[in-house]
Amino acid sequence: MNVFDITDLNLWYGKFQALQNINMSASEAEITALIGPSGCGKSTLLKTLNRMNDLVPGCRVTGSVCLSGMDIYGNLNVNDLRKRVGMVFQKPNPFPMSVYDNIAFGPRTHGVKSRYALDEAVENSLKAAAIWDEVKDRLRKSALGLSGGQQQRLCIARALAVKPEVLLLDEPTSALDPISTGKIEELLLELKNDYSIIIVTHNMQQATRISDQTAFFLLGEMIEYDSTEKIFSMPQDKRTEDYVTGRFG
Amino acid sequence: MRAVFFLAALASVLAVLLICLFLFGNGVPALLKIGIFKFLAGQEWAPSDVPPLFGILPMIAGSLYVTACALILGVPVGILTAVFLARVCPPRLYRFLKPGVDLLAGIPSVVYGFFGMAALVPHFHSSILSAGILLGVMILPTMAGIAESALRAVPEHYYEGALALGAGHYRAVFRVILPAARSGVLAAVVLGMGRAVGETMAVIMVAGNQARMPNSIFQGVRTLTANIVMEMGYAAELHRGALIATGVVLFVFILLVNLCLSALNRRIT
Amino acid sequence: MKRISPSETFMAAITWAAALLTAGALLYIIGFILWRGVPYITPSLFAPVYNSINVSLLPALVSTVMMAVLSLSFALPLGIGAAVYLAEYARRGNRAVRLIRLAAETLAGIPSIVYGLFGMLFFVVWLGWDFSLLAGSCTLAIMILPLLLRSGEEALLSVPDSYREGSFALGAGKLRTVFRIVLPAAIPGVLAGVVLAVGRIAGETAALIYTAGTVAQIPPDVFASARTLSVHMYALSREGLHTNEGYATAVVLLLVVIGINVIAARIAGKIGGAHERV
């Protein structure tokens with residue numbers, strides 16, 4: 001079963017075409033990695049999946065992106081879409097409020113008021129993001145006091161708290177040290193049983209370690225999309241081979 | 001909701017329109033009745049004479065003299081203080097001096113007025129000089145603050161470039177940084193001028209307020225602002241209109257100053 | 001040993017002299033007011049009711065607080081609303097935005113006596129509010145509006161975009177993002193503006209004499225006349241009978257202003273470090 005079906009997707013920033021004729025789909029309960037050199041459009045593609053690109057002035061999209069069969073650029077409320085498709089950013093971006101309020105922000109946004117339900121959501125998401133033990137004694141303290149790695153896991157917990165179907169991650173470990181990175185990779189492998197995950201990464205080892213499918217992008221085009229094993233062991237395209245073997249920008 | 005925020009933003013525009021409407025609406029008829037030339041160039045202000053005379057040239061002159069005096073005293077000190085704050089001051093001293101300059105800007109006009117009455121008037125009488133000195137001090141922090149940010153905005157490599165050519169610290173600051181920041185420094189002076197022309201309470205308390213053409217800076221003088229406050233309490237009919245028209249003259253002058261300022265600011269960015 | 005040229009020495013001398021002069025002026029003025037005023041600060045100066053014997057400043061102090069609260073309650077919603085529009089909604093270079101900025105700049109440059117004239121013509125005469133707390137505070141509200149707008153806008157612009165993205169990505173709408181994430185993060189900057197505005201209100205005289213009047217009482221309602229501390233001082237200087245009490249009042253006003261400046265500096269210091277860890 002596919003969570004995302006992307007057909008003939010083109011995207012322009014003003015006159016610049018950032019994505020050209022993308023056709024791909026992402027399967028449920030798998031980790032899909034998007035790789036490629038800087039400026040290849042992989043982050044842009046990620047942003048089209050929860051319409052964060054709406055915030056960029058002059059951005060125009062053609063083609064279709066379907067989430068479980070529904071066109072997200074059609075008659076869909078963008079806030080509902082973002083509830084179903086969570087996102088974690090490159091730099092951890094906890095809000096300047098307590099750990100508890102950070103996690104509770106999403107559920108509160110979507111109408112959860114009961115104290116009990118919020119407590120439960122906070123505890124469950126923090127546990128799911130494997131950070132509960134580290135923060136359970138300081139839920140009321142500012143989230144800005146956490147370390148970078150903890151902040152990023154907090155942001156993952158925050159995304160999980162709204163019970164999304166898909167989790168988008170935009171180079172979530174690029175600002176972190178190796179130990180924090182390892183923890184987050186471990187976490188993602190656990191989360192994939194319950195969520196479909198799409199991750200943009202610069203780090204090819206990371207893609208091989210955690211992803212099931214990998215798509216390689218170059219200059220706004222999707223060059224190759226296959227199982228991770230195939231992409232890294234016997235790529236079909238010369239350019240993919242150059243990139244994954246490190247002979248390329 | 002966007003519309004609500006937009007309406008809030010339009011409040012400023014509405015306020016400016018209302019101010020123009022009410023000031024011009026109440027002042028211009030009196031201005032026309034008196035005669036624009038007689039009003040602006042008339043040397044006699046005698047509202048209780050029969051027939052009354054409404055010439056505000058003495059007040060225009062008064063405002064200009066006092067402002068000029070304040071600028072002559074305040075500008076050099078203000079700019080040099082800005083240079084000191086931006087380029088010379090040791091950090092430990094800055095922690096005290098900068099809040100001090102801010103405080104100087106925050107002291108209310110009346111407090112300046114009280115100070116002037118007791119510290120300046122006994123030496124210089126109620127005169128242009130007293131008002132000029134007091135106003136010079138009052139506009140000093142405004143100018144120093146704006147000029148300081150202009151000096152800080154000059155790219156560091158200008159300074160380094162000057163040093164690399166063998167210039168000393170002060171030479172680099174005065175010959176390279178200060179000229180590079182001249183638009184911002186000029187904006188600071190223009191702003192100070194606007195403040196000086198518009199200042200009311202402190203001036204009333206030390207300038208003497210005689211409505212006559214002054215012959216020397218040791219004589220008392222009445223400014224446009226003082227004219228309004230002094231007589232508005234009991235003025236009626238045409239006299240009242242003439243005072244509002246005085247406000248119109250002041251307002252137009254300030255609008256011109258603002259125009260200069262925004263032109264300068266556009267040049268800076 | 002490095003030789004220092006005479007011109008270098010001269011430039012150093014005039015720069016230090018100017019700074020010394022500025023610091024000296026500040027210390028002299030404050031010292032002078034304290035010296036003249038402190039001996040006359042007596043308990044009777046704080047009597048609950050003003051009369052020409054005790055020259056109490058308490059009614060004026062209470063009126064100043066009421067004036068500040070009332071002016072801010074009018075101006076703050078408008079200023080913050082306008083700041084939100086400019087920082088969060090408006091497109092750059094849009095014609096309405098340029099008009100709004102021009103209007104705000106114009107307001108910022110208008111002298112207080114012109115505000116006083118306008119307040120008298122509009123609120124006092126045209127709307128028939130007479131000399132009153134309400135007319136005075138409405139006049140001051142317009143006067144502090146550009147200050148609140150500018151500090152509010154700067155505070156909003158200094159909130160990192162990553163907060164907004166984080167909120168949108170959780171499915172929060174624009175309005176929820178503004179009120180729950182962006183504005184709370186901008187509170188220190190907004191507060192700094194509010195404190196400065198309170199300073200302007202406490203020090204204002206010319207805009208109030210012909211809008212709020214000069215009755216020395218604690219106003220029973222917003223339609224009654226009231227004199228703030230600054231106006232009170234001006235009235236004392238005009239009468240010429242209570243100059244010493246005038247200086248004592250000046251001490252109190254000065255302490256209020258210094259207090260306000262210290263608070264503003266504290267807040268500004270906090271803002272500097274607020275978003276660093278993000």
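Four strands of chain A make an open sheet in the order E2-E1-E4-E5, with antiparallel pairing. Strands here are DSSP E runs of at least two residues and helices are H or I runs of at least four, both numbered from the N terminus; two strands pair if DSSP finds at least two bridges between them. At the edges sit strand E2 (16-27) and strand E5 (70-71) of chain A, each pairing on one side only. As background, strands of a sheet pair through backbone hydrogen bonds, either parallel or antiparallel.

Before going further, a word on what you're looking at: this is a predicted model, where local features need pLDDT of at least 70, side-chain atom pairs count only at pLDDT 80 or more, and totals for chains, interfaces and linings use all residues. Residues are numbered from 1 along each chain as its sequence is written, while chains are lettered from A and ligands numbered from 1 in the order in which they are written.

| Strand pair | Bridges | Example partners |
|---|---|---|
| E9 (residues 213-218) and E10 (residues 221-227), chain A | 6 bridges | Thr214(A) and Asp226(A) |

E9(A) and E10(A) form a hairpin with 2 residues between them. Take a look at Leu219(A) in that turn: its phi is positive, at about 50°.

Now for how the chains meet. Two residues are in contact if their C-beta atoms, placed from the backbone, lie within 7 Å. By that rule, 21 residues of chain A are in contact with 15 residues of chain C. Helix H2 (78-84), strand E6 (85-88) and helix H3 (99-109) of chain A each supply at least two residues of the side that touches chain C, and H2(A) gives the most, with 4 residues. That side of chain A divides into 9 nonpolar, 7 polar and 5 charged residues. Here Ala, Val, Leu, Ile, Met, Phe, Trp, Tyr, Cys and Pro count as nonpolar, Asp, Glu, Lys and Arg as charged, and the others, Gly among them, as polar.

Chain C also meets chain B: 70 residues of chain C are in contact with 67 residues of chain B. Helix H1 (residues 6-37) of chain C gives the most to this side of chain C, with 17 residues. By class, the side has 53 nonpolar, 14 polar and 3 charged residues.

What about chain B itself? It has 13 helices and 2 strands, and its C-alpha trace spans about 75 × 60 × 30 Å along its principal axes. Of its 269 residues, 53% are buried, meaning that 20 or more other C-beta atoms lie within 10 Å of the residue's own, with C-beta atoms placed from the backbone.

Leu134(B) is one of the residues that touch the most other members of the largest nonpolar core, which has 263 residues. Such a core is a set of buried Ala, Val, Leu, Ile, Met, Phe, Trp, Tyr and Cys residues joined through C-beta atoms within 7 Å. Helix H7 (residues 128-152) of chain B brings the largest share, 16 residues. Beyond its neighbours within four places in sequence, Leu134(B) is in contact with Tyr112(B), Gly116(B), Leu120(B), Ala202(B) and Val206(B).

Finally, confidence: the model scores ipTM 0.92 and pTM 0.88.

Definitions and conventions. Buried ≥ 20, exposed ≤ 12 C-beta atoms within 10 Å, placed from the backbone.
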